[in-house]
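Subject: Handover of a structure and its findings

Dear colleague,

Please find the structure below, handed over for your own work.

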Amino acid sequence: MTLPETLAWLPIDPNVSAVSLILLGLILSTSILADAVASRTRLPRISLLVLVGVGVAVIQQWGLDQPGARPLDGLAEPLIQVALVMVAFLLGGELTLDRLRSTGPLILIVSLSVILAGVLSVGLGLLALGFPLAVAVSLAAISVATDPAAVSETVHESGDSRLRARLLLGIVAIDDGWGVLAFGLAMALLGWWLSGDGGMALLHAAWELGGAILLGTAIGLPAAWLTGRLRPGEPTQVEAIALILLLAGTSAWLGVSSLLAAMCAGTLVANLSRHHTRSFNEIEHIEWPFLVFFFVLSGASIDLYRLDEALGLTLAYILLRLAGRYLGGLLGVRLARQRQAELPANLGLALTPQAGVAMGMALLAAERFPEHGPVLLSAVVASTVVFEILGPLLVRRVLR
């Protein structure tokens, strides 16, 4: 039974469009309440918004008896896509040549340390616990993905501009590239090992990575030329929104990573345009409402009826990923000897948040290995909600 059918007793006609608009308004209204609660407590507003999403899932799936249902189904995906593209574009703007000269090697050392430690921790740990090879390797690759929205929003909310904050923004800016590469290689190796055919998975990963860079360059170069030629105000705002929508829509159409494409375009605009701050400022002004939808809908995507099927796998994945992040961050800080005094040993824990990219990888893995699909999806969705709630708290702790 759909929500409009549930409300059929009302003396009005609650058509789908009306219900969607009401839900959008209610979601934005809850963000105001979350801001009020966050300002009076130490809880990050991102975690509160994810909890609101979980509450929506409880009401819809248990209260209204709609198993597996998601609010705004059909509209949720474009909203989430636009929010992530905005975040990736802004993160790309952090990768200026001056900043890369000063922190580029450090970003590379720490990010690779976190990735290697995380993959080994999750993969070997799940195999040691007796989980199937396909499940262990898939989750090891999925564990690489980090939610840039949660990390960047928490860093900006803190107002921290020290080396550790700049380093975190630099790492999450390139993390999606590592995630796509690791996942593509993992699927190719699994395909070769289990069936003798890993070529298609490898080609898919190469296209998702290389195609995203080509798309980001094709859109970023004209955008860099145009930015600064318009006066600040409405034309600049339209220019910024057009850029985001083109990146989100074209990447979905071509089947490439929208985060990588947006990050590449943002990097080009930041390094080639004289007045690049205008576009970035306009996106920052309109970014938060889309992030509200992203965090609430991420929490609401959990399937409560499937939680018990993968409870053991979910708990093991959460603990092993946390251990891998901590050990990887510790190793990266030790390797970066010259800057060790400025970086906390628990830096890797700030890279805990995980959301949309991980869910997308889980869907691809479930399609590739249908016999393990339900368990993989349940574990990733449930752990994503935990990481989205816990992650901002850990980011704050690391920054303190």
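Is G55 buried, partly exposed or exposed? G55 is partly exposed, because its relative accessible area is 29%, where buried means under 20%, exposed over 50% and partly exposed in between, with a 1.4 Å probe and protein chains only. G55 lies in helix 3, residues 45–63. In sequence, G55 and G299 are 244 residues apart, yet their C-alpha atoms are 8.1 Å apart in space.

On conventions, this is a predicted model, in which local features need pLDDT of at least 70 and side-chain atom pairs count only at pLDDT 80 or more, while totals for chains, interfaces and linings use all residues. Residues are numbered from 1 along each chain as its sequence is written, and side-chain values use heavy atoms, with hydrogens and water left out.

Overall picture

The protein has 15 helices and zero strands; these are DSSP runs numbered from the N terminus, with helices being H or I of at least four residues and strands E of at least two. Of the 400 residues in the protein, 54% are buried. Contacts (heavy atoms within 4.5 Å) were also counted by separation: among those with a separation of 6 or more, 84% are between residues 24 or more positions apart. The protein exposes about 17900 Å², and carbon and sulfur atoms supply 68% of that area; accessible areas come from the Shrake-Rupley method with a 1.4 Å probe, and for residues only the protein chains shown count as cover.

Helix 6

Helix 6 covers residues 133–142 and includes V135. Eight of the 10 residues in helix 6 are buried, including A134, A136, S138 and L139. V135 counts as buried because its relative accessible area is 3%. Beyond its neighbours within four places in sequence, V135 is in contact with L126, L313, H372 and L376. V135 and A366 are 231 residues apart in sequence, with a C-alpha to C-alpha distance of 9.6 Å.

G210 is found in helix 9, residues 199–226. With a relative accessibility of 29%, G210 is partly exposed. The C-alpha atoms of G210 and L260 are 9.4 Å apart, although 50 residues separate them in sequence.

Helix 11, residues 258–272, has 15 residues and reaches 21 Å from its first C-alpha to its last, close to the 21 Å expected at 1.5 Å a residue; the expected span is 1.5 Å times one less than the number of residues. Helix 11 is mostly covered, with 13 of its 15 residues buried. T267 belongs to helix 11. A polar atom of the T267 side chain lies 2.8 Å from the backbone oxygen of M263. Apart from neighbours within four places in sequence, T267 is in contact with G92, G93 and L95.

Nonpolar surface patch

L120, L124, L127 and L133 make a nonpolar surface patch of about 350 Å². Such patches are made of residues with over 30% relative accessible area and no salt bridge, with nonpolar side chains (Val, Leu, Ile, Met, Phe, Trp, Tyr) joined within 5 Å and like charges within 9 Å; a salt bridge is a side-chain nitrogen of Lys or Arg within 4 Å of a carboxyl oxygen of Asp or Glu. Helix 5, residues 97–128, gives the largest share of the patch, three residues. L127 lies in helix 5 and is partly exposed, with a relative accessible area of 38%.

With kind regards

Technical notes. Polar contact = N/O pair within 3.5 Å; in protein donor to acceptor, adjacent residues only side chain to side chain.
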